[in-house]
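Let's take a friendly walk through a protein model, starting with its overall build and ending with the spaces inside. Keep the sequence and the 3D view at hand as you read.

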Amino acid sequence: MEILCFFRFIPYFSGVYTDNLPAVLVWSLLSFFIWYGQTAFHVLTCVERYLAVVHPITYVSLKSKMGITIRNISICCVWLLCFARIGLSAMREVYTILDFFLLIISILVTMFCSVSVLRVLVRTGPGEKAREWVDQSKQKAFYTLVIILSVLLLRFVSSMVWTALFLSIVNKECLILACLNWCNLPSSLALPLLFLHKGGRFNCLKKQIK
């Protein structure tokens with residue numbers, strides 16, 4: 001989905017600089033498609049994180065054949081939702097209600113899962129006071145989850161503002177959509193940067209700064 005997010009700007013730039021309206025329309029449809037996919041996959045990632053921390057036994061059971069089937073069905077549902085969004089592009093009132101419904105569900109699920117995980121990380125388990133490295137690992141996970149939750153809330157709240165402005169402001173859709181893309185950028189970069197940081201890819205930068 002992130003790869004599609006990058007390549008969707010090809011029809012955008014080609015349409016803007018050549019006054020090709022169909023290319024801009026393709027970019028607009030791809031933007032809605034990708035926005036739905038990114039939002040849904042972010043929510044599924046939060047649910048997976050919630051199961052891994054709060055219900056580890058259930059999470060381990062998802063590695064079975066039945067669990068893999070549930071994962072695949074969930075992913076297929078996300079892609080079908082994205083295609084359904086494109087099909088509703090001509091029905092402004094219908095897809096606006098669907099956008100708000102998706103955003104509200106996304107915010108509620110993300111907040112519930114993230115707060116539940118944060119509560120588990122803050123709670124002290126038996127024998128953890130004597131092991132300082134466990135506290136440090138929990139503290140690092142806590143800060144990481146706070147960063148992820150912050151960028152996701154920025155994404156969802158800005159999307160709700162964009163949906164409201166999209167209905168009230170005429171002939172400003174492109175400007176509003178561009179602002180929304182900037183607000184969504186941190187959520188797209190958060191996980192890759194955290195993985196790179198965990199892999200020690202930024203150690204060379206720290207050495208150069210020192």
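## Helices from end to end

Helices (H or I, at least four residues) and strands (E, at least two) are DSSP runs, numbered from the N terminus. This is a predicted model, in which local features need pLDDT of at least 70, side-chain atom pairs count only at pLDDT 80 or more, and totals for chains, interfaces and linings use all residues.

The protein has nine helices and zero strands.

## Surface and interior

How much of the protein counts as buried? Of its 210 residues, 33% do; buried means under 20% relative accessible area, exposed over 50%, and partly exposed in between (1.4 Å probe, protein chains only). The accessible surface comes to about 13500 Å², and 73% of that belongs to carbon and sulfur atoms. Such areas come from the Shrake-Rupley method with a 1.4 Å probe, and for residues, only the protein chains shown count as cover.

A contact means heavy atoms within 4.5 Å. Among contacts between residues at least 6 apart in sequence, 70% join residues at least 24 apart.

Leu 103 lies in helix α6. Is Leu 103 buried or exposed? With a relative accessible area of 0%, Leu 103 is buried. Not counting residues up to four places away in sequence, Leu 103 touches Trp 35, Phe 156, Ser 159, Met 160 and Thr 163. Leu 103 and Val 157 are 54 residues apart in sequence, yet 8.2 Å apart in space, C-alpha to C-alpha.

Ser 106 also has its place in helix α6, which covers residues 92–122. Ser 106 counts as buried because its relative accessible area is 1%. Leaving aside neighbours within four places in sequence, its contacts are Thr 39, Val 43 and Phe 156.

## What the UniProt record says

Under "transmembrane region", an unreviewed UniProt entry lists residues 24–47, 68–88, 100–122, 142–169 and 175–196. UniProt positions are given in the numbering used here, feature names are shortened, and annotations may be inferred rather than shown by experiment.

In the model, residues 68–88 are 95% helix and 0% strand, with end C-alpha atoms 30 Å apart. Residues 100–122 are 100% helix and 0% strand, and their end C-alpha atoms lie 32 Å apart.

## The largest pocket

Rolling a probe the size of a water molecule over the atoms shows where empty space is left. On a 1 Å grid over the protein atoms alone, a cavity is a set of points where a 1.4 Å probe fits but cannot get out, and a pocket is an open set with protein on both sides within 12 Å along at least five of seven lines; lining residues have an atom within 4 Å of a point. Grid points are joined across faces, edges and corners, and a volume is the space filled by probe spheres set on the points.

The largest pocket holds about 920 Å³ of space. Its lining has 29 residues, and Thr 144, Ile 148, Leu 191, Leu 194 and Phe 195 lie nearest its centre. At least two lining residues come from each of α3 (21–54), α6, α7 (132–168) and α8 (173–198), with the largest share, nine residues, coming from α3.

## The cavity

How many cavities of 30 Å³ or more does a search of the whole structure find? The search finds one. The largest cavity has a volume of about 50 Å³, and its lining includes His 42, Arg 49, Ile 148 and Leu 191. Helices α3, α7 and α8 are the elements giving two or more residues to this lining, and α3 gives the most, with four residues.

Note on methods. Residues are numbered from 1 along each chain as its sequence is written. Side-chain values use heavy atoms; hydrogens and water are left out.
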